[in-house]
Amino acid sequence: MSTILQLAPQNVWKHFYSLTRIPRPSGHMEKITEFLISFGKGLGLESFVDEVGNVIIRKPATPGMENRKGVILQAHMDMVPQKNNDTVHDFTKDPIETYIDGDWVKAKGTTLGADNGLGVAAAMAVLEADDLKHGPLEVLITKDEETGMYGAFGLKPGTLKGEILLNLDSEDEGELYIGCAGGIDITASLEYKEEASIEGFVARKITLKGLRGGHSGLEINQGRGNANKLLARIVHDLLIEFDCRLASFEGGNMRNAIPREAHAVLTFNPEDIDGLEEYIKEYEEQLNAEYTPIESDIILKIEEMEMPAAIVPEEIQDNMLNVLMACQNGVMRMIPTVPDTVETSSNLAIVLIGGGKAEVRILARSSCDTMKDFLADSLTACFSMAGMKVVLSGGYSGWQPNVDSPILHAMKLSYKQQFGVEPAVKVIHAGLECGIIGANCPGLDMISFGPTLRSPHSPDERVYIPTVAKFYDFLVATLAQTPEK
C-alpha cells in the first residue's frame, strides 16, 4: 500500500510525515519545538527559541546571492485537534494516521495537520537542500497560531533580519494573498444558582452531530450548519412543544472551527413525553432537507440518561436560548468593492451551560476595522441583554494589501514563467499571522501562498497532492529570484 513517503516531492513529504508522528495540538508545543531545534542544529544552522516560544532557524545565502534581500519563511507549528465522535485519538500522545485517497491525502478520523504542517515541511526542505539558490534565509515557526496567534503577538521587534516575509499558510495553490481579515474574541459569561431537578421528571440527552464543520474564516461563506445554532433552535422548540427544562448544553471546542457537534440534557415530564422520539426524527429529516446538498448526513438522536441533580433556572434558561437564537453567526457583509469575498463574519464557536455557569465564545472577523468593532459592539449588546458579562480579547487588525509590492510583482512574473498562467491575487477572510507580524516588524514586504487544502480545522481536512509539488517548485523559484538589496 502506498504511503505519503512515496509522494513527490519526497523532500517535502518526508518532513510532513515526521510532523505527523509528533503530537502538536495547540497548547502542547514542547515536543515539536524540541524536534525543530534539533533539526536546525543538526544541519549546522543557527537555531534558537525566542522568549515566547517561536522557533527561528537561519541559513546563509548561497554563493553569489549575498546581495539579495533577506527572506523569512514563516509557518506555524501547531495544529487544530478535531476528531470524529467515534474516533479514539489522544492528540497529546498519538500520531496522525494518514492515507491516500485518489489525489488527496487525508487522516483517519482526525484533522490532518496539513494546516500548517506542509508549510513547515516545505521550509524544512529548503533548509536541508544544498542545491538551491537563495539569499539570506530565516525560517520563523510560530507557536499556538490556532488558539490566538500567541507566537506572532509575542514576536519582538528586531528579532528578524529579513525584509521579505513569505507566509506558507494559505490554502489554494495558484493564489497569492496580499491581505487578510482581522479578528477579535468575544466571551460572554454568566453565573447562576442552580435549581433542584423536578421530582418525577425523566432525563434525555439530545445530540446533534454529522455536520461538516470547517474553518470559521475560509468556509464561513458556504452555508454550513453551526451545531450550536442548530441545537439552540431545537432546544428552543422543545421547550415550547413539551413540558421540559434545560439541565446543560455543550457544543464546540475551538474558537476558529465551525462547531460540528453539540448536545443538551433536558428533563421531561413523563406525562408529556409521548411523541418525543418521533418529533426528534422529524426534526432530523427537516434539517437534512434544509441543508441539502451542503450537509450530507445530519444526525439528531435522543437517549435516556440518569437524572441530573440540578437544572438551569427557567429565567436563565429562556434568556440563554433567546440570546443563542438572536446572536449574529455567519457572514454579516461582503467586501463592497470585492463582492465575492467575505468582509465581516462571526462564528458561534463554543457554548457551555451547566454547573451554575454559562459561557459563550465567538470569533468575529473583518478586513475592515470599523466593521469589526461594530460587530463586536452588536454582539456585546446582544449578550448584555441576557445579563451576561462580555469580555473582548485578542483583537488584531487586518493586513492591508499593497498592490505595488516588489515581491508580488516578482512572484507574479515567476509563476507565469513556470506554469503559463497568471496567479490570482486575493485578500483572504482568515486571520493570517502577516497582519500581526507586520505590525510588530514594520516595513516587511509580505505574501502568503500554499498548496490546496480543503476543510482545515475538521476531520475532513485534506490536501490535493498535485499542488504540493507546484507549491514547492514555486517557492524554490521565488527564492532564486528575490530582488536585490
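A: Start with what covers a helix. The buried residues of α9 are covered by elements that include β9 (182-191), α8 (314-326), β16 (330-335), β17 (338-354), β18 (357-366) and β19 (389-396). Contact means heavy atoms within 4.5 Å. Helices (H or I, at least four residues) and strands (E, at least two) are DSSP runs, numbered from the N terminus.

Q: What kind of model is this, and how are residues numbered?
A: The model is predicted: local features need pLDDT of at least 70, side-chain atom pairs count only at pLDDT 80 or more, and totals for chains, interfaces and linings use all residues. Residues are numbered from 1 along each chain as its sequence is written, and side-chain values use heavy atoms, with hydrogens and water left out.

Q: Which residues of α9 are buried?
A: Buried means under 20% relative accessible area, exposed over 50%, partly exposed in between (1.4 Å probe, protein chains only). In α9 the buried set is Met371, Lys372, Leu375, Ala376, Leu379, Cys382 and Phe383. They span an arc of only 140° around the axis, so they sit on the same side of α9. The arc is that of the directions from the helix axis to the C-beta atoms. Exposed Thr370 and Asp377 are on the face turned away from the buried side.

Q: What span does α9 reach from its first C-alpha to its last?
A: The expected span of a helix is 1.5 Å times one less than its number of residues. Helix α9 (residues 369-384) has 16 residues and reaches 22 Å, close to the 22 Å expected.

Q: Where do the buried residues of α1 fall, seen down the axis?
A: In helix α1 (residues 10-20), the buried residues are Val12, Trp13, His15, Phe16, Leu19 and Thr20. Their arc is within 160°, so they line one face of the helix. They pack against α2 (30-42), β4 (98-101), β5 (104-107), α3 (114-128), β23 (462-464) and α12 (465-480).

Q: How many aromatic pairs does a search of the whole structure find?
A: Rings of Phe, Tyr and Trp (its six-membered ring) pair if their centres lie within 6.5 Å; planes under 30 degrees apart count as stacked, over 60 as edge-to-face and the rest as tilted. The search finds 10 pairs. One of them joins phenylalanine 242 and tyrosine 279, edge-to-face, 5.4 Å centre to centre with 80° between the planes. Phenylalanine 242 is in the loop between α6 and β12 (244-251) and tyrosine 279 is in helix α7 (residues 276-291), so the pair ties together parts 37 residues apart in sequence. Tyrosine 279 also pairs edge-to-face with tyrosine 283, at 5.9 Å and 70°. Those two tyrosines lie four residues apart in α7, about one turn of the helix.

Q: Which residue has its charged end over the ring of tryptophan 104?
A: A charge sits over a ring if NZ of Lys or CZ of Arg is within 6 Å of the ring centre and within 35 degrees of the ring normal. Arginine 462 does this, 5.2 Å from the centre of the tryptophan 104 ring. Lysine 470 lies over the face of phenylalanine 419, at 4.8 Å. Phe419 also belongs to a cluster of linked ring pairs with Tyr415, Phe449, Phe471 and Phe474.

Q: Is asparagine 226 buried or exposed?
A: Buried, with a relative accessible area of 4%. Asparagine 226 is in the loop between β11 (202-209) and α6 (227-241). Its side chain makes a polar contact of 3.4 Å with that of asparagine 347. A polar contact is a pair of N or O atoms within 3.5 Å; within protein, one must be able to donate a hydrogen and the other to accept it, and residues adjacent in sequence count only if both atoms are side-chain atoms.
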